[in-house]
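Welcome! Have the sequence and the 3D view ready, and let us walk through a few features together.

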Amino acid sequence: MQSGLFGITHSNRSVDDHWGKNSFNSSFPTAVACYMLSHDIPAIYNRLEFVNGKPKVISTEISLRDVFSSNARSLEEFYFDFEGRFEPYQQYAFDNIGNIDLVIKSHSEKSYLACLEIKLTVLPTSQTSHLPEDKWGCELVIRSATTSYCALGMYDSIKNLAPDVREIFETACLSVESWTNGFEMNQKTPILTDRINEFEKVYLDHQKPLLMQAIWKTQGQSPLLAHNAFDIIIWSDYAFSRLFLDNANKPNKDGMSRPMRATARLAQCLWELSKSGKTNLNSIYKQISFTRQNDKEFAIGGRKWSKYVTSSRLANPILESSIINEIIEPGYIEKLKPERRFDQTLYFTRIFQ
């Protein structure tokens, strides 16, 4: 393992880069995914379905080979481009689409295979640790880059059906006089939400992986890992969108809430793409803020998160804590920073095993 991490042989990070504060949070989950792929262990898959006509996120399972679009490739054939740009989506934007946490390429062919946003989260949060174990949850903090890639990926999957997509959004979006007017957008959010719901119902079969959430489970609020400690949840783009769409129509006395803003942005982006095949991400995802900071799109707390992730595997994540000895090569844990909680947990777990 040239990187000190399982499966990461070729990447744009040096050996030392993987262990930095902002790098380990994506390098480690990638190594866990590589381990699961190598051992044919499926990930939890949160995908959208319509139950009795209503959208509902369902937890199933998915092969990591499908997530990585790997076909029969071995791990040595992957190139992991961390904080890279997924070039196939650039054709849909007038401006720079920006970067996403992980772009997966073929090392020999240099072809683009998949792109994923990555989150490394602890189970439980302090707010859910006092609840019964089956009610424990994680917190997700989402940045605007994730929602913009969500929109681009949704369109990419149905680009040949653009005229039909335009028909879904046209009337509602043409009624908007100013996308920057918070009062107007507050009033128009319900109809925009309805149009996105219709879009997702029609094109449900086109959803694909967007977010890879690696979880590490502790013994309550202690710094020690649970016996069954690690798992991966893959969120499809459609399932991910429900995290803000399901909360977009709630009254908000302060004007446009973050879920409302994310909904308006997605609707405008899909509509513009359906008209011309291109959009201006900067004006949609950076300039239209409604007085809220743009670096954070929205956040989901542990209680709300647990309503979306219903897999029985949360009670006993699929990987035992001892696999850190296979995922992290001996001698590399010392590169971590003990003041960070996850690093500290790995360090103490290794000592007390």
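## A bent helix

Helix H4 bends by about 40 degrees at isoleucine 168; the bend at a residue is the angle between axes fitted to the seven residues ending there and the seven starting there. Helices here are DSSP runs (H or I, at least four residues), numbered from the N terminus. This is a predicted model, where local features need pLDDT of at least 70 and side-chain atom pairs count only at pLDDT 80 or more, while totals for chains, interfaces and linings use all residues. Residues are numbered from 1 along each chain as its sequence is written, and side-chain values use heavy atoms, leaving out hydrogens and water.

How far apart are the end C-alpha atoms of H4? They are 17 Å apart, which agrees with the 18 Å that the 13 residues (162-174) should span at 1.5 Å a residue. The expected span is 1.5 Å times one less than the number of residues.

## What H4 hides

Buried residues of H4 include Val165, Ile168, Phe169 and Cys173. Buried means under 20% relative accessible area, exposed over 50%, and partly exposed in between, using a 1.4 Å probe and protein chains only. Among the elements covering these buried residues are helix H3 (144-158), helix H5 (182-202) and helix H7 (258-276), where contact means heavy atoms within 4.5 Å.

## Rings in pairs

The whole structure holds 20 aromatic pairs. Rings of Phe, Tyr and Trp (its six-membered ring) pair if their centres lie within 6.5 Å; planes under 30 degrees apart count as stacked, over 60 as edge-to-face and the rest as tilted. Phenylalanine 86 and tyrosine 89 make an edge-to-face pair, 4.8 Å centre to centre with 75 degrees between the planes. Both residues are buried.

Phenylalanine 199 and tyrosine 238 form a tilted pair, with 6.0 Å between centres and 35 degrees between planes. Because phenylalanine 199 lies in H5 and tyrosine 238 in helix H6 (residues 237-245), this pair ties together parts that are 39 residues apart in sequence. Phenylalanine 199 counts as buried because its relative accessibility is 0%.

## Charges over rings

Lysine 275 lies over the face of tryptophan 271, 3.6 Å from the ring centre. The charged end of lysine 278 sits over the ring of phenylalanine 94, at 5.7 Å from its centre. Such a charge counts if NZ of Lys or CZ of Arg is within 6 Å of the ring centre and within 35 degrees of the ring normal.

Notes
Helix = DSSP H or I, 4+ residues; strand = E, 2+ residues; numbered from the N terminus.
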